[in-house]
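Subject: Structure handover

Hello,

Here is the structure we talked about.

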Amino acid sequence: MRILIDGDACPVVGLTLELAGTTPVWVFCDVNHSPGDRRAHWITVDQGRDNVDLALVNQVRPGDIVVTQDYALAALALARGAVCLHQDGWIYHAANIDALLASRHEARRIRRAGGRTKGPRRRSRRQDEQYSRCLSAVLAEARQSEG
């Protein structure tokens, strides 16, 4: 088991490293983001649409934990047997991924037509707390089933 993070603009890299313990953490980012904390294994890819996502999904193994806010990446990682977490502290799964992808498609359609959609709110301490609880629970369950 490893934790793989879609690291471009991810606000929970440090929090993940604090909670990971001995679980290896890989952070995928493009060349515009500098590798940070040395507790993680940093994978840097060329800038380009979906390059980070493709690099990450090509490394996913069953049982890995993937952290991303990208619904399409989550869908691909789920198909490869990963547990996928959103940075706000909820889990992607077969029962919610189709609706999430549909909402993403609808938002893009609105923007292409010249409409506007709401952007994300400023990150709160509550989101970090929810993410910590979610990741801790997923790690505990994974460790229990491993050993």
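From the N terminus on, the elements run β-α-β-β-α-β-α-β-β-α-α. That comes to 5 helices and 6 strands. Helices (H or I, at least four residues) and strands (E, at least two) are DSSP runs, numbered from the N terminus.

This is a predicted model, so local features need pLDDT of at least 70 and side-chain atom pairs count only at pLDDT 80 or more, while totals for chains, interfaces and linings use all residues. Residues are numbered from 1 along each chain as its sequence is written, and side-chain values use heavy atoms, with hydrogens and water left out.

Confidence
The mean pLDDT (the predictor's confidence in each residue, from 0 to 100) is 87. Of the residues, 88% reach 70 or more. Among the elements, strand E4 (residues 65-67) has the highest mean, 97. Helix H4 (residues 94-112) has the lowest, 67. Where pLDDT is low, the predicted coordinates should not be read in detail.

Burial and cores
Buried means under 20% relative accessible area, exposed over 50%, and partly exposed in between (1.4 Å probe, protein chains only). Buried residues make up 37% of the 147 residues. A nonpolar core is a set of buried Ala, Val, Leu, Ile, Met, Phe, Trp, Tyr and Cys residues joined through side-chain atoms within 4.5 Å. The largest one has 19 residues. Ile3, Ile5, Val25, Ile65, Leu85, Tyr131 and Leu135 touch the most other members. E1, helix H1 (13-20), strand E2 (25-30), E4 and helix H5 (125-146) each supply at least two residues. H5 gives the most, with 5 residues. A second, separate core of 18 residues includes Val52, Leu56, Tyr92 and Ile97.

Isoleucine 3 lies in strand E1 (residues 3-6). Isoleucine 3 is buried, at 0% relative accessible area. Contact means heavy atoms within 4.5 Å. Leaving aside neighbours within four places in sequence, the contacts of isoleucine 3 include Val25, Trp26, Ile65, Val67, Leu135 and Leu139.

In H1, Val13, Leu15, Thr16, Leu17 and Ala20 are buried. What covers the buried residues of H1 includes E1, E2, strand E3 (41-45) and H5. Just after H1, glycine 21 takes a positive phi of about 65 degrees.

Arginine 2
The arginine 2 side chain makes one with the side chain of aspartate 64, at 2.6 Å. The side chain of arginine 2 also reaches the backbone oxygen of glutamine 59, at 2.5 Å. Arginine 2 lies over the face of tryptophan 26, at 4.6 Å from the ring centre. For a charge to sit over a ring, NZ of Lys or CZ of Arg must be within 6 Å of the ring centre and within 35 degrees of the ring normal.

Aromatic pairs
How many aromatic pairs does a search of the whole structure find? There are 4. Rings of Phe, Tyr and Trp (its six-membered ring) pair if their centres lie within 6.5 Å; planes under 30 degrees apart count as stacked, over 60 as edge-to-face and the rest as tilted. Tryptophan 26 and phenylalanine 28 have ring centres 6.2 Å apart and planes at 35 degrees, so the pair is tilted. Both residues are buried. Tyrosine 71 and tryptophan 90 also form a tilted pair, 6.5 Å centre to centre with 55 degrees between the planes. Tyrosine 71 lies in helix H3 (residues 71-79) and tryptophan 90 in the loop between strand E5 (83-85) and strand E6 (91-92), so the pair ties together parts 19 residues apart in sequence. Tryptophan 90 is partly exposed, at 29%. Tyr71, Trp90 and Tyr92 form one aromatic cluster.

Glutamine 87
Glutamine 87 lies in the loop between E5 and E6. At 9% relative accessibility, glutamine 87 counts as buried. A polar contact of 3.0 Å joins its side chain to that of glutamine 69.

Best wishes

Notes: A polar contact is a pair of N or O atoms within 3.5 Å; within protein, one must be able to donate a hydrogen and the other to accept it, and residues adjacent in sequence count only if both atoms are side-chain atoms.
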